[in-house]
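Please look over the structure shown here, and then read the briefing that follows.

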2 protein chains.
Amino acid sequence: MLLKGAKLKISEIPEPTIMRLTVYARCLTDLVKQNVQVVSSEKLANEAGVNAAQVRKDLSYLGSFGRRGVGYETNHLLNKISICLGLTKERSIVIVGVGKLGSALLGYQGFLEKGFKMVAAFDTDKRRIGSSIGGIEVIDLERVDEIIKKKNVEIGIIAVPAEAAQKVADRLVVAGIKSILNFAPVVIKVPESILLRRVDLSSELEILSHYLNSSHKE
Amino acid sequence: MLLKGAKLKISEIPEPTIMRLTVYARCLTDLVKQNVQVVSSEKLANEAGVNAAQVRKDLSYLGSFGRRGVGYETNHLLNKISICLGLTKERSIVIVGVGKLGSALLGYQGFLEKGFKMVAAFDTDKRRIGSSIGGIEVIDLERVDEIIKKKNVEIGIIAVPAEAAQKVADRLVVAGIKSILNFAPVVIKVPESILLRRVDLSSELEILSHYLNSSHKE
DNA sequence: ACTTGTGAAGATGTTCACAGCA
DNA sequence: TGCTGTGAACATCTTCACAAGT
């Protein structure tokens, strides 16, 4: 779990709420595009696939700026959420491992749209080093320290095979990375001061598989 | 959240536990490979990055077959977890959308290793249809019904742009899919009888971004 | 002596229900 | 009247602490 072991509260806002805020942000972006000025908790809940009380409780962590009897001003709300998620600041990210998955992530449009800037890609495979993927040159992993420091990179994405993941994580930590998003199917260990999240593609299928098994639905 | 709204309990086992079981399974696979015969909750907890009481509680949902004073037999435990996760049965999956991300998922080794069989890939782009990616031919989405029924496909992966995701989901549902793993950055709606999970790549970065902002750690 | 299995306590998250305000 | 904001009730999940088994 993220932040386990931290003694002081990192944030007043529960992690499930943070997760849902990212969803609300997406819904609000759509609404703003459609020129919708105001949205009720009911409507937003419906868009986001949660219940209305949940939306109100979640938003209450950001302050109270809905108007009773009316709803929330879409633009303003989106702005508040963006600030909370730190999306008003451009953040530099690097990716380590440019196999199929890494390459796909490297070119993922969604990151760019949210203000994440892919500044470099690393690999150890000599055949990949020097090539260019989506306009970003693949650099020897040996140079990761230099570039993380020079470009003030805050987030590192690990997309290497499981066996290599821990070593890559260690290098990123030494280089001064602040947070890691790990796609390798293995549990990696980092100091408590480093933020770590894991995206496990197989696990997701396995979870579906479990529920497929035990499907005695109404 | 998965399964919201189901009146009967789908499974006695809490979802967070299911998630961790996938991790334990991976750790156990490693241990078995290393010829480790027995593992304590302490050791497994350490490998999985959780605490020992949690491991014991999680495993207790599967029955009690640890040996007090000794630990758990790795092979046996792995077997029990595999059964619980439904991994003893081969499951067919299809993917819709073979852009960068879709193509990467199509060739993802991890799925194969866990007994998931990629039986087809679909797209609507004429330029992609007929090509072959990782040995799997890309088929016109029009034929999705036919193939899902013929090959008894249980899981559909959506890797299309956000705008197209809901329509693709609707098609999959009509075709008789039982569960969907959605990679499109949008909330899609499906009938309650369909299992749905979402993997949101941007959200993961946004969550890190939030905590990077509010880092007033000890 | 060592480690599991599990009630009970504690912590966290969700939903309800309604007061409060436009 | 309509919708927000929120304390309180409820539900769920995690951790503790120790009895019980080998």
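**Helix packing and the DNA surface**

In helix 1 of chain B, the residues B:Ile18, B:Leu21, B:Tyr24, B:Ala25, B:Leu28, B:Thr29, B:Leu31 and B:Val32 meet B:Thr74, B:Asn75, B:Leu77, B:Leu78, B:Ile81 and B:Cys84 of helix 4 of chain B, where contact means heavy atoms within 4.5 Å and helices are DSSP runs (H or I, at least four residues) numbered from the N terminus. By class, this contact has eleven nonpolar, three polar and no charged residues, with Ala, Val, Leu, Ile, Met, Phe, Trp, Tyr, Cys and Pro counted as nonpolar, Asp, Glu, Lys and Arg as charged, and the others, Gly among them, as polar.

This is a predicted model, in which local features need pLDDT of at least 70 and side-chain atom pairs count only at pLDDT 80 or more, while totals for chains, interfaces and linings use all residues. Residues are numbered from 1 along each chain as its sequence is written, chains are lettered from A and ligands numbered from 1 in the order in which they are written, and side-chain values use heavy atoms, with hydrogens and water left out.

**Surroundings of DNA strand D**

- DNA strand D is surrounded by 24 residues, each having a heavy atom within 4 Å of the strand, and the closest are A:Ser41, A:Gly66, A:Tyr72, B:Arg20 and B:Arg68.
- Helix 3 of chain B gives the most to this surface, with four residues.

- A polar side-chain atom of A:Arg56 lies 2.8 Å from a base nitrogen of DNA strand D.
- For B:Arg68, a polar side-chain atom is likewise 2.8 Å from a base nitrogen of DNA strand D.

How values were computed:
Polar contact = N/O pair within 3.5 Å; in protein donor to acceptor, adjacent residues only side chain to side chain. Helix = DSSP H or I, 4+ residues; strand = E, 2+ residues; numbered from the N terminus.
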